[in-house]
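Trainee: I would like to go through this structure step by step. May I put my questions to you in turn?

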Amino acid sequence: MTTIEIFKLILLLLLLVCAVSVNLSRKLLPAVIIFMSYSIIMAIIWALMQAPDLAVTEAAVGAGVTSILFFLTLRRFRKLDKDDEEDQG
């Protein structure tokens, strides 16, 4: 078994761990971070499969834009939660 094959198996194992972990995560912030990791690993896998266009798209959209939107949404939810607590208290 060559080094690159071992690297591919490790990436696939990490991908599987990320996919399961994001579903089992109870808090939203760690779930978003795990999702970012999943997207980065997928981008590396696409690059290894000699599909650079998909790798760049996955990195830009999956790990970049989508994660930023998730972070902004989380911040807005926390802001709404704080406003609700102030209204009630």
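Trainee: Leaving aside neighbours within four places in sequence, which residues is Ser67 in contact with?

Mentor: Keep in mind that this is a predicted model. Ser67 is found in helix 3. Once its neighbours within four places in sequence are set aside, the residues in contact with Ser67 are Val32, Phe35, Met36 and Gly62.

Trainee: Is Ser67 buried or exposed?

Mentor: The cut-off for buried is under 20% relative accessible area. Ser67 has a relative accessible area of 1%, so Ser67 is buried.

Trainee: Which backbone oxygen lies 3.1 Å from a polar atom of the side chain of Ser67?

Mentor: Two backbone oxygens are worth checking here. That of Gly62 lies 3.5 Å from a polar atom of the Ser67 side chain. The one at 3.1 Å belongs to Ala63.

Trainee: How many aromatic pairs does a search of the whole structure find?

Mentor: Two rings pair if their centres lie within 6.5 Å. Searching the whole structure on that basis gives a count of one.

Trainee: What kind of aromatic pair do Phe35 and Phe70 form?

Mentor: The ring centres of Phe35 and Phe70 are 5.6 Å apart, and the angle between the planes is 75°. Planes over 60 degrees apart fall in the edge-to-face class. The pair of Phe35 and Phe70 is therefore edge-to-face.

Trainee: Which helices does the pair link?

Mentor: Phe35 and Phe70 are 35 residues apart, and the pair links distant parts of the chain. Phe35 belongs to residues 28–48 and Phe70 to residues 52–88. The elements linked are helix 2 and helix 3.

Trainee: Why does Phe70 count as partly exposed?

Mentor: Partly exposed covers the range between the buried cut-off, under 20%, and the exposed cut-off, over 50%. Phe35 falls in that range with a relative accessible area of 27%. Phe70 counts as partly exposed because its relative accessibility is 37%.

Trainee: Where is Ser39 found, and which side chain does its own side chain make a polar contact with?

Mentor: Ser39 is found in helix 2, and at 1% relative accessibility Ser39 counts as buried. The polar contact of its side chain, at 3.5 Å, is with the side chain of Glu58.

Trainee: Which residues does Met42 touch, not counting residues up to four places away in sequence?

Mentor: Met42 is found in helix 2. At 16% relative accessibility, Met42 counts as buried. With residues up to four places away left out, Met42 touches Leu15 and Glu58.

Trainee: Which residues make up the largest nonpolar core?

Mentor: In soluble globular proteins, nonpolar side chains tend to be buried together. Helix 1 (3–24) and helix 2 each supply at least two residues of the core in question. Its six residues are Leu11, Leu15, Cys18, Ile41, Met42 and Ile45.

Trainee: How many helices and strands does the protein have?

Mentor: From the N terminus on, the elements run α-α-α. The secondary structure therefore comes to three helices and zero strands.

Trainee: What is the radius of gyration of the protein?

Mentor: Along its principal axes, the C-alpha trace spans about 65 × 25 × 15 Å. For 89 residues the globule rule gives 12 Å. The computed value is well over that, so the protein is more spread out than a compact globule: its radius of gyration is 17 Å.

Trainee: What percentage of the contacts between residues at least 6 apart in sequence join residues at least 24 apart?

Mentor: Buried residues are a separate count, at 18% of the 89 residues. For contacts between residues at least 6 apart in sequence, the share that joins residues at least 24 apart is 57%.

Trainee: Which element has the lowest mean pLDDT?

Mentor: Where pLDDT is low, the predicted coordinates should not be read in detail. The mean pLDDT of the protein is 91, and 96% of its residues reach 70 or more. Among the elements, helix 1 has the highest mean, 95, while the lowest, 86, belongs to helix 3.

Notes:
Residues numbered from 1 in each chain as written. Predicted model: local features only at pLDDT ≥ 70, side-chain atom pairs only at ≥ 80, totals over all residues. Heavy atoms only, no water. Phe/Tyr/Trp six-rings, centres within 6.5 Å; stacked < 30°, edge-to-face > 60°. Helix = DSSP H or I, 4+ residues; strand = E, 2+ residues; numbered from the N terminus. Buried < 20%, exposed > 50% of the residue type's maximum accessible area, 1.4 Å probe, protein only. Polar contact = N/O pair within 3.5 Å; in protein donor to acceptor, adjacent residues only side chain to side chain. Contact = heavy atoms within 4.5 Å. Core = buried A, V, L, I, M, F, W, Y, C linked by side-chain atoms within 4.5 Å. pLDDT = per-residue confidence, 0-100. Rg over C-alpha atoms; globule rule 2.2 N^0.38 Å.
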